[in-house]
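Please read them with the coordinates open.

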Amino acid sequence: MSVKFEISFAKSARLSGGLAILLKDTDSELPAGAESADPANVFARAAPVSGFKGKVLSSLDLIAPEASPADRIIVIGAGKARNLTAHDWLKLGGSAAAKIRNTEKVAIFLDAPNIDVGPKEAADFALGMLLRAYSFDTYKTKKGDDDEKGASRKAVKVTIVTQEAAATKKLYAASEAVAGGVILARDLVNEPPNVLGPVEFAAKAKELEKLGVEIEILTEREMRRLGMAALLGVAQGSARPPRLVIMQWKGGKAKDKPVAFIGKGVVFDTGGISIKPAAGMEDMKGDMGGAAAVTGLMHTLAAREAKVNAIGVIGLVENMPDGNAQRPGDIVTSMSGQTIEIINTDAEGRLVLCDALWYTNDRFKPQFMIDLATLTGAILVALGNLQAGLFSNDDKLAGELTAAGLATDERLWRMPLGKDYDKMIDSKFADMKNTGGRHAGSTTAAQFLKRFVGDTPWAHLDIAGTAMGSVQDEINQSWGSGFGVRLLDELVRANYES
């Protein structure tokens with residue numbers, strides 16, 4: 001994170017230099033905090049000249065304003081403020097964070113006349129600031145003019161002024177937990193593949209023990225004893241050994257069945273013997289975006305002490321070509337006992353997930369299972385990088401996920417499943433084959449996974465277009481987006497906490 005904010009909340013703030021940020025909706029004459037920050041009413045003269053009317057996310061920058069106790073004032077438009085959603089508040093916070101430069105103290109005034117600001121809105125604003133502040137520059141030796149190598153990075157002290165300061169402070173603890181989970185997921189996706197292998201990823205997950213998450217790490221030997229030949233087949237061409245990480249957060253009642261999240265963790269995907277084209281292969285360091293999201297979610301649930309029992313399981317492998325690599329035509333026996341003919345070694349994520357799903361269901365008997373995976377390029381063809389694909393055998397779970405996606409703007413689009421699609425993965429030589437061909441590629445991948453979940457409510461999220469290289473916006477400027485953490489935290493918060 002290149003900018004660190006130390007955020008506090010207060011009912012008022014005495015300005016003495018620094019930056020003042022004021023919110024302004026389209027219906028108010030003056031922005032929030034104008035009496036304190038702009039006693040000479042410079043805004044009233046500058047706004048008409050600049051054409052600033054308070055349109056959402058527009059801004060007006062006043063440098064060294066006359067008679068102001070602040071060195072600089074930035075007014076940010078909130079648009080029709082009474083129509084602001086939770087995600088709008090995140091974007092406003094992100095927009096404010098982007099404008100903080102060359103100062104060590106900031107006062108932000110939220111309570112404009114026509115803006116309904118409660119604790120939730122103020123906490124969402126602060127969360128947007130934390131998410132926008134993130135950047136991944138670990139391996140840059142030259143940081144730029146504002147942040148040269150070796151220079152101290154002083155935290156920026158931010159005071160958010162709102163009449164609901166005390167209540168906002170309590171909610172902000174949960175916002176920090178969400179930000180921590182998203183940032184962890186982004187870091188994992190952004191890490192180079194020579195640094196983050198299966199063993200190293202497992203070690204990162206083990207750090208969640210500090211938050212009270214119980215961690216188990218299964219090695220190749222233990223997975224072989226369990227019969228996870230589908231997962232192990234993917235890993236056998238790599239010099240780096242696979243791992244299966246089981247994370248348990250026990251925040252609910254002992255008798256409550258857990259909810260379960262399973263992530264695909266292919267730390268680098270060459271395609272194996274069915275090798276990918278060279279162009280763009282570097283992006284396949286992000287093929288563990290599902291596992292990153294599950295790990296980030298477990299961080300969030302533990303950090304905010306969610307009242308739920310939650311399981312996170314991530315299958316960590318590297319898919320490489322080698323003399324020992326899996327071949328097209330091989331037949332493997334999954335942990336479930338079902339046999340799989342390998343048609344294409346680049347359809348490997350479903351092989352990792354099928355054993356992880358079966359293991360999770362068999363051991364924990366969860367209320368539901370949700371898997372996340374950067375599974376198919378076909379979902380990019382269908383949905384681009386604006387929404388993730390949702391496949392499910394349960395309408396209730398699908399509805400809850402869709403609602404959570406709308407609430408967080410991590411949007412999902414439900415895709416079809418059906419017997420006719422399922423027939424496309426029947427094999428001449430085994431119980432099934434690992435790909436049904438190019439047509440309906442995302443659906444046949446989901447149909448494959450569905451064969452390993454039994455009657456348990458299940459959803460598959462294909463996040464190939466949203467976990468990495470997604471659209472940059474007010475709250476994310478990173479290649480790795482952390483998609484799924486806020487979505488699933490909202491799902492749990494809204495539906496499954498005791």
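1. In this predicted model, β11, β12 and β16 form, in that order, an open three-stranded sheet in which the pairing is mixed. Because β11 (331-333) and β16 (432-433) each have a single partner strand, they stand at the edges of the sheet, and one side of each is left without a neighbour there.

2. The pairing of β11 with strand β12 (residues 339-341) is antiparallel and runs over three bridges. Within this pairing, isoleucine 331 has glutamate 341 of β12 as its bridge partner.

3. As for annotation, the unreviewed UniProt entry carries an "active site" feature that covers Lys276 and Arg350, and the two residues are taken in turn below.

4. Lysine 276 is placed in the loop that lies between strand β9 (259-269) and helix α9 (289-303). Once its neighbours within four places in sequence are set aside, lysine 276 is in contact with Asp269, Thr270 and Gly271, with Met281 and Met284, and also with Asp346.

5. Arginine 350, by contrast, belongs to a helix, namely α10, which comprises residues 349-364. Is this arginine 350 buried or exposed? Its relative accessibility is 6%, and it therefore counts as buried, given that the cut-off for that class is under 20%.

6. The surroundings of arginine 350, not counting residues up to four places away in sequence, include contacts with Leu375 and Thr376, with Asn434 and Thr435, and with Ala445, Phe448 and Leu449.

Methods: Residues numbered from 1 in each chain as written. Predicted model: local features only at pLDDT ≥ 70, side-chain atom pairs only at ≥ 80, totals over all residues. Heavy atoms only, no water. UniProt positions renumbered as here; feature names shortened; annotations may be inferred. Helix = DSSP H or I, 4+ residues; strand = E, 2+ residues; numbered from the N terminus. Contact = heavy atoms within 4.5 Å. Buried < 20%, exposed > 50% of the residue type's maximum accessible area, 1.4 Å probe, protein only. Pairing = 2+ DSSP bridges.
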